[in-house]
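Good morning, and thank you for coming.

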Amino acid sequence: MDPEMLARVRTGSGFVAALDQSGGSTPTALRLYGLDETAYDDEATMFDLVHQMRTRIITSPVFGGDRVLATILFEQTMDREIEGRGSAEYLWQEKQVVPFLKIDKGLEDEAHGARLMRPMPGLDEVLERAKGHGVFGTKMRSVVLTDDAAGVEAVVAQQLAVARQVLAAGLVPIIEPEVDIASPRKAATDEMVDATLLEHLDGLDEGQDVVLKLTLPDQDGLHTRLLEHPRVLRVAALSGGYTREEAVARLTRNPGVIASFSRALTEGLTAQMDDAEFDAALDASIAAIAEASST
């Protein structure tokens with residue numbers, strides 16, 4: 001584990017840029033970027049276009065470690081290059097941004113008000129490849145739809161089991177049990193997820209430190225106990241479908257929590273912008289999210 005990256009993640013300023021849209025979410029990401037399904041004929045071309053989008057963001061002069069603490073990459077992005085270097089290597093060596101890798105393979109069908117992660121065959125091999133690219137940690141996402149105790153327990157237990165596998169490989173896991181912002185009982189679900197996480201985090205040994213990525217809560221300051229837990233390096237918040245304005249406002253009301261935004265980060269960026277327009281729009285987005293993350 002790189003000690004400089006660890007220090008950055010533990011105490012550095014900035015936020016986490018989530019650029020890990022996978023197969024299911026890539027068409028939406030491209031459509032919001034101004035490229036609909038007529039822009040590509042097959043999956044390979046689709047992934048080429050989204051890599052071009054990510055490359056444009058990462059290589060922009062306004063994107064750097066002064067405001068962006070870390071970036072989450074899709075596996076295909078890790079395996080591709082940016083300006084002649086591996087994407088993860090470029091992020092750290094050129095931008096001083098800590099690279100993480102999305103490792104989950106999508107979600108199972110709903111059961112007990114939750115969606116667990118699908119099996120991850122070959123995970124150990126993926127973790128070794130990630131280490132070879134200089135990746136610092138991983139991220140895996142589950143979804144909780146309501147405050148069903150059985151579903152919440154299943155999600156958190158699975159997340160911690162995978163986290164232990166990641167830690168054993170020498171990487172730091174981002175644990176993401178997302179609460180759906182459309183949940184009819186969102187506030188109660190937020191509270192149940194937090195309480196269940198606290199119980200499971202107590203089972204980690206000293207040195208088994210993790211990052212949490214959680215939905216912005218309806219109750220301001222809800223994540224304070226998690227922020228203070230000795231096994232938690234940082235608590236980051238996902239935008240979860242909120243507009244950037246709403247996500248930033250909610251984040252500002254939760255001191256100590258930093259952003260890990262995807263759609264809210266890229267909101268308003270389009271392929272049709274020239275470089276000056278693109279960089280100005282990205283700069284404004286990064287500035288707003290970084291400021292809210294410093295609260």
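Predicted model: local features only at pLDDT ≥ 70, side-chain atom pairs only at ≥ 80, totals over all residues.

**Salt bridges, strands and spaces**

Glutamate 178 is buried, its relative accessible area being 11%; here, buried means under 20% relative accessible area, exposed means over 50%, and partly exposed lies in between, with a 1.4 Å probe and protein chains only. Residues are numbered from 1 along each chain as its sequence is written, and side-chain values use heavy atoms, with hydrogens and water left out.

Which residue meets the side chain of glutamate 178 in a salt bridge? The partner is arginine 141, at 2.6 Å from N to O. The term salt bridge is used for a side-chain nitrogen of Lys or Arg within 4 Å of a carboxyl oxygen of Asp or Glu. The pair links distant parts of the chain, since arginine 141 belongs to strand S7 and glutamate 178 to strand S8, 37 residues apart. Helices (H or I, at least four residues) and strands (E, at least two) are DSSP runs, numbered from the N terminus. Arginine 141 counts as partly exposed, at 29% relative accessibility.

A second salt bridge joins glutamate 176 to lysine 139, with the closest N and O atoms 3.0 Å apart. Glutamate 176 is in strand S8 and lysine 139 is in strand S7, so this pair ties together parts that are 37 residues apart in sequence. Glutamate 176 counts as buried, at 3% relative accessibility, and lysine 139 is buried too, with a relative accessible area of 5%.

Elsewhere, the side chains of aspartate 220 and arginine 253 meet in a salt bridge of 3.1 Å, N to O. Aspartate 220 lies in the loop between S9 and helix H9 (224–227), and arginine 253 in the loop between helix H10 (244–252) and S11, so the pair ties together parts that are 33 residues apart in sequence. Aspartate 220 counts as partly exposed at 38% relative accessibility, and arginine 253 counts as partly exposed at 40%. There is also a network, in which salt bridges that share partners join Glu75, Asp79, Lys105, Glu125 and Arg129. By the rule I gave, the count comes to 22 salt bridges.

Let me turn to the strands. Strands S8 and S9 pair in the parallel sense over two bridges; two strands pair if DSSP finds at least two bridges between them. The chain crosses from S8 through H8 to S9 in a right-handed β-α-β crossover, meaning that, with the strands pointing away from the viewer, the path from the first strand over the helix to the second runs clockwise. Isoleucine 175 has leucine 212, in S9, as its bridge partner. Leucine 212 in turn has valine 235, in S10, as a bridge partner, and S9 and S10 pair in the parallel sense over six bridges. Why is S9 described as largely enclosed by the rest of the structure? Six of the six residues of S9 are buried, so the strand is largely enclosed.

Finally, the spaces. On a 1 Å grid over the protein atoms alone, a cavity is a set of points where a 1.4 Å probe fits but cannot get out, and a pocket is an open set with protein on both sides within 12 Å along at least five of seven lines; lining residues have an atom within 4 Å of a point. Grid points are joined across faces, edges and corners, and a volume is the space filled by probe spheres set on the points.

The largest pocket has a volume of about 850 Å³. Its lining holds 34 residues, and Gln21, Ser25, Arg141, Ser262 and Arg263 lie nearest the centre.

The largest cavity holds about 50 Å³ of space, and its lining residues include Phe100, Ile174 and Arg234. The second largest cavity has a volume of about 40 Å³, and H8 gives the most to its lining, with three residues.
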